[in-house]
Amino acid sequence: MLSVGPTKESKDSFKSLLQGAENAVERAELTASVTGVDSDQNVGADAGGFLMDGFVAVQSDIESLDEWHNLATRSIDFSTGGLEARVGTKRKLNQNLYARLEKLEPAEIGKWLAKDKVMDLLSAQQSSELLVQSLGDELGPDTDINTLAKIVADLDKKYELLEKHPVAYNEMRDKIAEKAQLQPHNVDTVFPEKTRGVTDINSV
């Protein structure tokens, strides 16, 4: 039985559980391909929720951010619907992830935000905080307006903010405007009019 306490044994137990589950699905898929029998190998919400419960229980015992990300993405990919099966699961994951990311250097934060599922797990507020933090010394009251406009455009392009994370974009916009001490007549230059007032009812 998987322990809920953050110990090395419970972490190793979870890793074995996840690997075993992945192997079982892989064997079933291989058998289906050989026999020609179509088989749906999607994991149910209950089983997915159980697996995510296991990861939540051991995540604080995972020291390496790389290992945390590896286990988190594998768990989410395996447990179809498991992330939404329990109220609060996503919040527990993004709080742990945010605490790890905010300690990194700006350039490293930027790299991590581009990794699979990272911005999908983070809340809009967390994403916006980290996006601004990733700019480091590039952002300040003395930043040239045209340079700042390019920075914002590059962020939008790199992370597909307006398309996939519009609420995070809005919150980032407000933080950048405050930190750069933008005057009203400069707002249109840095944030084109079409990008202002974007809303998203699916924010976390």
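Author: Gladly; here is what stands behind the labels, topic by topic. This is a predicted model, in which local features need pLDDT of at least 70, side-chain atom pairs count only at pLDDT 80 or more, and totals for chains, interfaces and linings use all residues. Residues are numbered from 1 along each chain as its sequence is written, and side-chain values use heavy atoms, with hydrogens and water left out.

Reader: Thanks! What makes up the pattern of the protein chain, and how are helices and strands defined?

Author: Helices (H or I, at least four residues) and strands (E, at least two) are DSSP runs, numbered from the N terminus. The protein chain has 12 helices and zero strands, and its pattern along the sequence reads α-α-α-α-α-α-α-α-α-α-α-α.

Reader: Why is the contact between lysine 117 and aspartate 77 called a salt bridge?

Author: The term asks for a side-chain nitrogen of Lys or Arg within 4 Å of a carboxyl oxygen of Asp or Glu. For lysine 117 and aspartate 77 the closest N and O atoms are 2.7 Å apart, so the pair qualifies. Lysine 117 sits in the loop between helix H6 (106-113) and helix H7 (118-121), while aspartate 77 belongs to helix H3 (residues 65-78), so the pair ties together parts that are 40 residues apart in sequence. In general, side chains of opposite charge can pair when their charged atoms come close.

Reader: Which other salt bridges are there?

Author: By this rule the count comes to 11 salt bridges. Among them, aspartate 116 and lysine 117 meet at 3.2 Å, N to O, and glutamate 160 and lysine 164 at 3.0 Å, N to O. Salt bridges also link Lys11, Lys15 and Glu67 in a network.

Reader: What makes phenylalanine 14 and phenylalanine 55 a tilted pair?

Author: Rings of Phe, Tyr and Trp (its six-membered ring) pair if their centres lie within 6.5 Å; planes under 30 degrees apart count as stacked, over 60 as edge-to-face and the rest as tilted. A search of the whole structure finds three aromatic pairs. In the pair of phenylalanine 14 and phenylalanine 55, the ring centres are 5.9 Å apart and the planes meet at 50°, so the pair is tilted. Phenylalanine 14 lies in helix H1 (residues 8-35) and phenylalanine 55 in helix H2 (residues 45-58), so the pair ties together parts that are 41 residues apart in sequence. At 0% relative accessibility, phenylalanine 14 counts as buried, and phenylalanine 55, at 0%, counts as buried too.

Reader: Why is the pair of tyrosine 169 and phenylalanine 191 called edge-to-face?

Author: Tyrosine 169 and phenylalanine 191 are 6.4 Å apart, centre to centre, with 90° between the planes, so the pair passes the distance rule and is edge-to-face. Tyrosine 169 is in helix H11 (residues 166-179) and phenylalanine 191 in the segment after helix H12 (184-190), 22 residues apart. Tyrosine 169 and phenylalanine 191 are both buried. Elsewhere, Phe14, Phe55 and Trp68 form one aromatic cluster.

Reader: How do you know that lysine 115 lies over the face of tryptophan 112?

Author: A charge sits over a ring if NZ of Lys or CZ of Arg is within 6 Å of the ring centre and within 35 degrees of the ring normal. Lysine 115 is 4.8 Å from the ring centre of tryptophan 112 and lies over its face.

Terms used:
Buried means under 20% relative accessible area, exposed over 50%, partly exposed in between (1.4 Å probe, protein chains only).
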